[in-house]
Amino acid sequence: MKRVILVFALLVNSSIAFSSTYSTPESIGPIQTKTLPYSLIGQLNFANGRSRYLGSATVIRPSSVLTAAHNLWDNTNGFSTNILFRRALSGSTFLSSQYASRIYVLAGYREGVRQYQNTDPRSFAFDTGGLVFRNTLAGGAAIGWSSNPNLLNGSTPIQCLGYGGETHTGNDLLSATSTAPFKPVFGAFWSNLSLLCESGMSGGPALARTPDGNFYLTGVVVAGSSTPISTGIRILDPASIGFIQRYLK
């Protein structure tokens, strides 16, 4: 089963114009998943209540991943359990596999869901979570990150990645790239009508490639919609950077 991600039409920022073309998720292939930065992204397989779900996450510190808070907690069943991270999964192969030992969600997320539900932009604005593991995940490697909003509202294409499971199997890394800027909807929740992310990509990274040739994580995929086409991310900001530095290792 797949974790459903939705953005209702009312969440879409009216200043974003519809585009006649948009990017849909495509597999980046088994070879690319074994090279940086893609080798730092993996599939989450977890239980919540009586069901199992799929999500995505990125190695953000040597022994930790960043993901969407809604992969880790919901208002009905509480925290997810038996959370397995399979790094660089491609079909039936992966580079490493490990169960999480600790779960953290950004302050304000649980309160927002209890008050507004998990599909409200006021909840998406806090939809960030992290997992800590007993051992390093990628030999000590981790993705770089940036909280520069100019990377999102400028001309830099943003590549959103994750393990989608609607028109795909959920076992291959998918990529969709923006052709227009992201725009703020509410607080740290930003949206874009130029790309589509599938269910299961939730928790995956929004990556910007800067002129120095490096990729930087600028946010986490938290929402998507096919009517209208849109993708929402919880951007990296001082609050989420403080969360990473305090709780993840």
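Setting aside neighbours within four places in sequence, Ser175 is in contact (heavy atoms within 4.5 Å) with Thr24, Pro25, Glu26, Ile28, Gln159, Cys160 and Leu161. This is a predicted model, where local features need pLDDT of at least 70, side-chain atom pairs count only at pLDDT 80 or more, and totals for chains, interfaces and linings use all residues. Residues are numbered from 1 along each chain as its sequence is written, and side-chain values use heavy atoms, leaving out hydrogens and water.

Ser175 sits in strand β13 (residues 174–177); strands (E, at least two residues) and helices (H or I, at least four) are DSSP runs numbered from the N terminus. Its relative accessibility is 11%, so Ser175 counts as buried (under 20% relative accessible area; exposed is over 50%, partly exposed in between; 1.4 Å probe, protein chains only).

Now to the aromatic rings. The whole structure holds seven aromatic pairs (Phe, Tyr or Trp rings, the six-membered one for Trp, with centres within 6.5 Å; stacked under 30 degrees between planes, edge-to-face over 60, tilted for the rest). Here is one of them:

| Pair | Type | Centre to centre | Between planes |
|---|---|---|---|
| Tyr38 and Phe215 | tilted | 6.3 Å | 55° |

Tyr38 lies in the loop between β1 (26–27) and β2 (41–48) and Phe215 in strand β17 (residues 215–226), so this pair ties together parts 177 residues apart in sequence. Both Tyr38 and Phe215 are buried. Elsewhere, ring pairs join Tyr104, Phe243 and Tyr247 in a cluster.

Finally, helix α1 (residues 109–116) has Tyr109, Gly112 and Val113 as its buried residues. These pack against β5 (73–74) and α2 (121–124).
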